[in-house]
Every structure is written in structure tokens, then in C-alpha cells.
Amino acid sequence: MVLKNKNILIGVTVGIAAYKAAELVSTLRKMNANVRVIMTKSAAEFVTPVTFQTLSGFPVRHELFTDWSKNFIPHIENALWADAVAIVPATANIIGKIAHGIADDLLSTTIMACEAPVLFAPAMNERMFKNPIVQRNIRTLKDLGYYFIEPAEGRLACGEVGKGRLPEIDTILWHLEYVLSKKDFAGIRVLVTAGGTREPIDPVRFISNRSSGKMGYELAEALSKRGAEVVLISAPTELEAPYGVELVKVETAQEMYKACMERFDGVNMVIMCAAVADFEPADYSREKIKKDSGFENIKLKRTPDILSEMGRLKSQQFIIGFCAESQNLEENAERKLKEKNLDLIVANDITKNIFGSDTTSIIILDASNNKLKYDGVSKKEAAHIILDAAVKGYRRRMGLEA
């Protein structure tokens with residue numbers, strides 16, 4: 001969503017990792033980003049320019065004094081065109097040149113002329129990366145506002161094992177989305193809950209629900225990209241923790257209650273997206289219940305109502321709740337909004353097969369009776385829609401806008 005229709009300039013420098021830049025270009029095109037590639041002369045010894053030209057659909061340039069005309073100066077035109085620049089891989093040489101203002105080829109002159117965000121993805125031998133000169137150059141560029149991704153650890157091209165591998169493509173894409181995202185949540189600490197809790201009956205069996213956790217994880221990731229400090233309290237899911245997010249794993253409603261209450265005073269916003277079980281078995285069996293013992297009756301008791309407790313205790317916190325309903329969606333959402341003292345609520349229509357799906361249908365209601373309705377949107381898109389409404393309400397509450 002963030003990268004769609006964005007102009008991304010990829011700078012490819014020399015190194016065996018240059019072949020991974022081809023995968024990055026291909027992935028960006030699949031995400032409907034516009035891509036151009038500038039290669040150094042040495043990089044063309046590893047991957048031919050025609051490879052990148054085929055993948056990007058745009059001529060690849062590596063000569064500073066080629067294709068100049070009165071109306072087209074390559075390093076200026078590309079610098080003005082780019083919404084973001086990613087140097088993949090970034091060698092010690094290109095890092096050092098930019099840090100010292102050296103512009104002696106097409107890539108370095110383009111970076112010098114560029115006012116868009118520039119992201120470096122270093123890939124080199126671990127000793128080179130740890131060299132004090134390289135580290136000084138990286139610090140210099142960071143201080144000037146350039147972005148860096150830490151290299152990954154693993155087997156290097158030289159055969160050694162250490163820190164110096166090019167980061168994974170997904171990591172590079174995350175950072176590209178980060179540098180291109182608005183930072184309207186900067187300075188805001190947000191607690192997000194996700195997943196469905198499990199309430200144990202015995203060591204083998206539990207009561208749970210069909211929540212996949214996808215919506216909560218998308219919210220946490222979107223918040224991180226938009227500048228928030230995020231703590232994600234997650235019941236069991238099959239999902240990987242979003243990059244840049246503090247993950248706290250819990251299993252039961254009681255554990256989620258404890259984790260939320262411990263952190264509640266230290267956050268500015270809460271997004272309770274988790275499907276917390278309303279009931280738990282009243283009597284837990286430490287031994288597996290045998291089938292012939294019978295399961296005709298399981299006595300249940302209520303779990304803590306985390307959202308109600310937060311609504312009762314809140315001071316400056318902006319609280320967003322979720323509800324999932326099969327009927328009377330808006331009426332039930334409005335009642336929950338008022339009864340639990342929430343600032344915003346997101347209502348899910350569960351008759352539209354949202355569980356485990358990458359799409360959802362939502363209605364957003366706030367305490368001022370404003371209503372937004374979206375049907376059949378991706379959960380990634382829904383996350384940003386919800387956050388747009390959340391930050392607007394939060395800023396209004398804090399007196400930062402009318």
C-alpha cells in the first residue's frame with residue numbers, strides 16, 4: 001500500500017549480494033512501485049544491466065556522461081524523480097564517498113543531488129563492516145539524516161560466518177515503507193493486543209476462538225512504520241512479530257489482563273484488537289481428563305473484562321476497542337463504546353468470513369457519533385484507515401487540532 005505508485009531508485013554497487021537487488025526490483029514492481037536502477041561500473045561485473053532493465057522496464061544507467069541533453073541530465077533527473085533511494089548492496093566504498101561528499105560517478109552524483117530519503121543496505125565482510133573508519137562514516141551519514149539497515153548475520157561470500165550479509169528482501173521493503181510513511185504517531189506509545197486467548201481445561205485441551213491475530217499484527221506494523229513506539233501483547237498466533245515492535249507473548253485472558261495492566265499507565269493509546277475469551281473453565285484439571293470420564297458439563301466462570309477496566313482507569317489514554325457481531329452490528333458497537341468508556345470502536349461483521357482472511361469489513365464509530373464504513377478492504381489497508389481515525393481523535397483529545 002505504501003509503495004504503490006511510488007518512485008523508487010535502486011543503486012546497485014559491487015558485491016555478490018548484487019544478485020539479490022534483482023529480486024528486490026522484481027518484488028517492488030509486483031507491488032506496483034515504479035523502479036529505476038543505477039549501477040556502478042563494478043556492479044555490472046556481477047549482474048548485467050540488461051537483467052535490471054528487464055525487471056524494471058526502464059533503461060539502466062551507469063555512465064555519468066551518457067544520454068545527456070539540454071533537457072535531460074541523468075543525475076539531476078533521477079534525483080528529482082525519486083521518492084526514495086535504496087543502495088542495495090551498499091559497499092564500504094559508496095558509504096565512504098557519500099560521507100565525504102565525493103561525487104565521481106552517476107550513483108554518487110545522483111545521491112548528492114537527491115533530497116528524497118536515502119536508505120543504505122550494507123553488505124560486506126564483517127571485518128570491513130566493523131572497521132572504525134566504516135563505522136565513523138555510517139555515524140556521519142546517520143547524523144545527516146541518511147537511513148541504514150543493519151546487515152544480517154550468517155555465512156558470508158568469503159566463507160566466513162559473521163555480520164555482513166545483505167538483509168532479507170522483506171526487511172529492506174519494511175525499511176522502504178518506513179522512510180516513506182508519514183510519522184504522525186511519532187512520540188506516541190501504543191499498546192496493541194492481538195490473537196485469541198486460550199483457556200485451558202486440562203494439559204491438552206483448551207477453549208479458544210477463531211481469531212488469527214492478523215488485524216492486530218497489521219495495526220502494530222503500521223504503527224511502527226508511522227513512528228509509534230509499539231508494545232504488542234499477543235495471544236498465540238502463527239504470525240511473525242512485526243519488525244520494530246516489542247512483543248509480549250501471553251496465552252490466557254488472565255495473562256493478557258496482567259500484561260496490559262502492567263503497561264497501561266505508560267502508554268498514550270490502547271488498541272484492544274485481541275479476541276479475549278469471555279469465559280474460562282472454573283476448574284482446571286492437572287491431569288488429562290479421560291474420555292470415559294465424560295465431558296457432558298464444563299463449568300465456566302467469567303474472565304476479567306480488560307477493556308472495561310481500562311475505560312474505568314484511563315486518564316490521558318485514548319482507548320480503541322473492537323467488537324465482532326453477527327447481528328445488530330452498529331447498535332451493539334454503540335452500546336459497547338458507551339458502556340466501556342471508549343474513544344473509538346471498530347465493529348467487525350463476522351458474517352463476512354473475516355476470520356483468518358486477509359480482508360475485512362469494518363465500521364468505525366467514535367464518541368462524537370462519527371461513522372466510517374468500509375467493506376471488503378485488506379487488513380493492511382484497514383490498519384491505516386483505523387490509525388487515521390485514531391490519530392485524528394487523539395490529537396483532538398490532546399488539543400493539538402480542532
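These legends describe close-up views of a predicted model.

**View 1. Helix H1 and helix H8 cross each other.** Helix H1 covers residues 18–30 and helix H8 covers residues 169–180. Their axes come within 10 Å and cross at roughly 55°. The crossing of H1 past H8 is right-handed.

**View 2. Side by side, H1 and H8 meet through residues of both helices.** H1 contributes Lys20, Glu23, Leu24, Thr27 and Leu28. On the H8 side the residues are Ile169, Ile172, Leu173 and Leu176. Within this contact of H1 with H8, six residues are nonpolar, one is polar and two are charged.

**View 3. Eight strands form an open sheet.** The strand order is E12-E11-E8-E13-E16-E17-E18-E19, and the pairing is mixed. Strand E12 (246–249) and strand E19 (371–378) are the edge strands, and each pairs on one side only. From one strand to the next, the twist averages 15°.

**View 4. Strands E17 and E18 run antiparallel within the sheet.** E17 spans residues 344–349 and E18 spans residues 359–366. Five bridges join E17 to E18. In one of the bridged pairs, Leu344 has Asp366 of E18 as its partner.

**View 5. Helices H12 and H13 lie against strands of the sheet.** Helix H12, residues 329–339, lies across strand E16 (318–325), E17, E18 and E19. The direction of H12 is at about 150° to E17. Helix H13, residues 379–397, packs on the sheet and touches strand E13 (269–272), E16, E17, E18 and E19. Between the directions of H13 and E19 the angle is about 155°.

**View 6. Phe206 sits in strand E10.** This strand consists of residues 206–207. Leaving aside residues up to four places away in sequence, Phe206 touches Arg198, Glu199, Pro200 and Ile201. Phe206 and Ile8 are 198 residues apart along the chain, and their C-alpha atoms are separated by 48 Å.

Conventions
Residues numbered from 1 in each chain as written. Predicted model: local features only at pLDDT ≥ 70, side-chain atom pairs only at ≥ 80, totals over all residues. Heavy atoms only, no water. Axes fitted to C-alpha atoms, helices over the stretch in contact; angles between N-to-C directions. Helix = DSSP H or I, 4+ residues; strand = E, 2+ residues; numbered from the N terminus. Left-handed = near helix turned anticlockwise from the far one by under 90°. Contact = heavy atoms within 4.5 Å. Nonpolar A, V, L, I, M, F, W, Y, C, P; charged D, E, K, R; others polar. Pairing = 2+ DSSP bridges.
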